[in-house]
Amino acid sequence: MGSVRKLLLLLLMAVLPVLSAQKKGHHEPLFGKANATYSVTSPVLKGAVFYLVSGHGGPDPGCIGKYQGKELHEDEYAYDIVLRLGRELLKRGATVHFIIQDAKDGIRNEAVLKNSKRETCMGKTIPLNQVARLQQRCDAINLLHRKSKSTYKRAIFVHIDSRSKGEQTDVFFYHAPGSAHGKRLARKLQHTFNTKYDRHQPNRGFRGTVSERNLYVLRKSNPVGVFLELGNIQNARDQKRLVIADNRQALANWIAEGIVADFKTGKK
Ligand SMILES: [Zn+2]
């Protein structure tokens, strides 16, 4: 009996610190086992709400690039970057909704991300029909938007372009026509990228532009939105931006920094 009690006590002592650490650390299973736990290290985005949407998903892979004999699917890369971005925003105290989700694929470090059709729109099957597919994600955003009293709510749509192989592109930032707040955020993002390029690729310069674009998701979703095109999935140099995990993380970090700058400008 005594030894059983001792054993139980030992077990308890081993388990307690783990339990309390889990309480302190926040947990998002979508990030995958290695990254699920995170801590809020800064309150700088407290009060801000984000609806993060990775382009395509489910039956629709989006653009497809060829890389070392393998296919790169837009939806997988956009999703990985969105997860990384969401984690950065959460660490800064924001509320984050992942509109497109994959129950199995967390944050991944491989160069070639395996393709799947598993993605859902917050648990719902993504339809193949384009308008139905886009309206579904807008409906999900608008429902959450209606329920939230935050004054700063932003929908962020992340895509990767497909152009001719020879065309290297920068990151492009689009906002809905006439959206002053969309434009403000797009400009902050552009400015952040400009600064980063000056530091990391001084000979290259950054030519990514901000412009209005009459896109379905920007038109039909109610919160202020920006739509990002992160590069040309066909171009070998742009592919480096995507296949190197550190580069995907850098993109996420820079987007998060631009968002912080925008939130500091005005919490509306
Ligand atoms: Zn796309």
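Me: What share of the contacts in the chain with a separation of 6 or more comes from residues 24 or more positions apart?
Reply: The share is 76%, where contact means heavy atoms within 4.5 Å. This is a predicted model, in which local features need pLDDT of at least 70 and side-chain atom pairs count only at pLDDT 80 or more, whereas totals for chains, interfaces and linings use all residues. Residues are numbered from 1 along each chain as its sequence is written, and side-chain values use heavy atoms, with hydrogens and water left out.

Me: Which residues are called donors of the zinc ion?
Reply: They are His56 through NE2, Glu74 through OE and His159 through ND1, at 2.1 to 2.2 Å. A donor is an N, O or S atom within 2.8 Å of the metal (3.2 Å for Na, K and Ca), and the site may look incomplete because water is not among the atoms. Along the chain, the donors follow the spacing H-x17-E-x84-H. Glu74 in helix α2 (residues 74-91) and His159 in strand β10 (residues 152-161) are 85 residues apart, and this pair links distant parts of the chain.

Me: Why do Glu74 and His159 count as buried?
Reply: Buried means under 20% relative accessible area, exposed over 50%, and partly exposed in between (1.4 Å probe, protein chains only). Glu74 has a relative accessibility of 1% and therefore counts as buried. His159, at 12%, is likewise buried. Over the chain, buried residues make up 51% of the 268 residues.

Me: How do you know that Lys153 has no salt bridge?
Reply: A salt bridge is a side-chain nitrogen of Lys or Arg within 4 Å of a carboxyl oxygen of Asp or Glu. For Lys153, which is buried, the nearest side chain of opposite charge is Asp262, 14 Å away. In this count Lys and Arg are positive, Asp and Glu are negative, and His and the chain ends are left out.

Me: What does the side chain of Lys153 reach instead?
Reply: A polar atom of this side chain lies 3.0 Å from the backbone oxygen of His145 and one lies 2.7 Å from that of Ser148. Lys153 itself lies in strand β10.

Me: What makes Glu76 and Arg108 a salt bridge?
Reply: Their side chains meet at 2.7 Å, N to O. Glu76 is in helix α2 and Arg108 in the loop between β7 (100-101) and β8 (120-121), 32 residues apart. Both are buried, Glu76 at 0% and Arg108 at 8%.

Me: Which residues join these two in one network?
Reply: Salt bridges that share partners join Glu76, Asp102, Asp105, Arg108 and Arg118. Arg108 also meets Asp105 at 3.4 Å, and Asp105 is buried at 10%. Asp102 and Arg118 meet at 2.9 Å. Asp102 is buried at 1%, while Arg118, at 33%, counts as partly exposed. By the salt-bridge rule, the total count is 17.

Me: Why does Asp170 count as buried, and what does its side chain reach?
Reply: Asp170 has a relative accessibility of 3%, which means that it counts as buried. This residue is in the loop between β10 and β11 (172-175), and its side chain reaches the backbone nitrogen of Arg207 at 2.8 Å. Beyond its neighbours within four places in sequence, Asp170 is in contact with several residues, including Tyr197, Glu229 and Arg241. Arg241 is one of the buried residues of helix α6 (residues 236-243).

Methods:
Helix = DSSP H or I, 4+ residues; strand = E, 2+ residues; numbered from the N terminus. Polar contact = N/O pair within 3.5 Å; in protein donor to acceptor, adjacent residues only side chain to side chain.
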